[in-house]
Amino acid sequence: MTDGRRPEEPLTGARGPAGRHAVVVGGGLAGLTAALELADAGVRVTLLEGRPRLGGLAFSFRRGDLTVDNGQHVYLRCCTAYRWFLDRIGGAALAPLQDRLEVPVLDAGRPEGRRLGRLRRDALPVPLHLGRSLATYPHLTLAERVRAGRAALALKALDPADPALDAQDFGSWLAAHGQSARAVEALWDLVGTATLNAVASDASLALAAMVFKTGLLSDPGAADIGWARVPLGELHDRMARRALESAGVRTELRTRVTSVSSDGNGGWDVRVPGGVLHADAVVLAVPQREAHALLPPGALDDPDRLLRIGTAPILNVHVVYDRTVLTKPFFAALGTPVQWVFDRTEASGLKRGQYLAVSQSVAQDEIDVPAAVLRERYLPELERLLPRARGAEVKDFFVTRERTATFAPAPGVGRLRPGARTKAPGLYLAGAWTATGWPATMESAVRSGVQAADAALSTLGRPRPDRLLAIEEAAA
């Protein structure tokens, strides 16, 4: 594994070496998964990544003495593929799950002392596991709680794979099922904005149904939350690199692919600055616009549909205080611009004070707002929500922005998302934006890598690893 090519080791591949050779373009979670699965099946793999690191958009960087994640990423117990990925790289213990779902929800619009509500589950079968939590949820009226329960049961009856659902928006469905604007804000969007990166009125009913059915209505523990207790770079870069190296994958960073073309003999030429790699199979595990630019003619029917898959931003506000102001690992908020707040003190390496990360999905209106303006907006809001922040000294304040953090889960997006196979034998697609059935999450990215590896192995005539079959069984 290299961090770039040495002059005496050009990045080229001779035709006809012993065994099959696959090139994976992109070192995010989708590409990492595809590379590991192909290598585990005995395929010789080269992974190419244009950045100087692996991990895609789930990465870390240094800021002074802090190690900072570009944004807060979480997963759920139902995310079986991402949980496999953590196991595969040896990182499961560093990103543990809650023993049982519990989300503190603070309503800034209520009087102090009466702001806290909780969404949590009991050790009961579905849907009773959430019954007590919903019945006592203080941010909805009794009538709203009853109607929310009925809507949840109606949602459970939907089939997310029904194409008709993809054409509808979730907000209209909720309104038709008696959900007030307050119920949407305090319950449905509380979950939906964090998982879909869209408010209900802008989200595909199919994707929303998938999120709520799988996360809240499939298994009592499905929605238990997990998150990294170390920087994401420790998992998705350092530990992933080690796993790739152990699997025999050749990894090249700072290596951007300029074209992918058929070699005329059933193989592929992957061109990079200064060389060409010859491959029996290629996995394009890059964002949809980059994939569109690399696709050879005829690889997809209507390839321009990739350009019609919109994107949605996520903004993260980072605040370092001189003292502890939050005693819980995280909370969600209502009645305020603040959405979700996480304590990242230990993971960042901060020795004194507390470091909070404020994760803001659906950030179209704020993604380009200057940091000074965001500081004036968010520090008073945090003081409203956290009394201990009043009078605390702010040691640092900064912002990270991902303008194309996810694909936009708008109605109709399902028909735009391609599968792993293209019409060009030996060329495959991977990425959270492909047709996994999931919104743009780490789980979707890993599943797409599994799908691409599965398709490539079938074409290459290689048996699939047992664990690949296990992932597919869990994903069914």
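Visitor: How many bridges join strand β11 to β12, and which way do the two run?
Guide: Five bridges join β11, residues 268-272, to β12, and the two strands run antiparallel. Asp269 stands opposite His278 in β12. Two strands are taken to pair if DSSP finds at least two bridges between them, and the elements themselves are DSSP runs numbered from the N terminus, with helices being H or I of at least four residues and strands E of at least two. This is a predicted model, in which local features need pLDDT of at least 70 and side-chain atom pairs count only at pLDDT 80 or more, while totals for chains, interfaces and linings use all residues. Residues are numbered from 1 along each chain as its sequence is written, and side-chain values use heavy atoms, with hydrogens and water left out.

Visitor: Which strands form that open sheet, and in what order?
Guide: The order is β10-β11-β12, with antiparallel pairing. Since β10 (259-262) and β12 (275-279) stand at the edges with a single partner strand each, one side of each is left without a neighbour in the sheet. Neighbouring strands here are turned by 25° against each other on average, direction ignored, where axes are lines fitted to C-alpha atoms, for helices over the stretch in contact, and angles run from 0 to 180 degrees between N-to-C directions.

Visitor: And β1 with β2, parallel or antiparallel?
Guide: Strand β1, residues 21-25, pairs with β2 in the parallel sense over five bridges, and Ala22 stands opposite Val45 in β2. Strand β2 (residues 44-48) is mostly covered, with four of its five residues buried; buried means under 20% relative accessible area, exposed over 50%, and partly exposed in between, using a 1.4 Å probe and protein chains only.

Visitor: Switching to the inside: how many residues has the largest nonpolar core?
Guide: The largest nonpolar core has 125 residues, and those with the most contacts inside it are Leu38, Tyr82, Phe170 and Leu284. Such a core is a set of buried Ala, Val, Leu, Ile, Met, Phe, Trp, Tyr and Cys residues joined through side-chain atoms within 4.5 Å. Helix α13 (residues 442-460) gives this core its largest share, nine residues. Another core, of 27 residues, lies apart from it and includes Val319, Val358, Leu385 and Leu386.

Visitor: What does Phe170 touch?
Guide: Leaving aside residues up to four places away in sequence, Phe170 touches several residues, among them Leu155, Trp188, Ala200 and Phe212, a contact being heavy atoms within 4.5 Å.

Visitor: Is Arg254 buried or exposed?
Guide: Arg254 counts as exposed, because its relative accessibility is 51%. Val362 also has a positive phi, of about 50°, although it is not a glycine; Val362 is found in the loop between β17 (354-360) and α12 (371-385), and is partly exposed with a relative accessible area of 25%.

Visitor: Last one, what does the secondary structure of the chain come to?
Guide: The chain has 14 helices and 19 strands, and 56% of its 476 residues count as buried.
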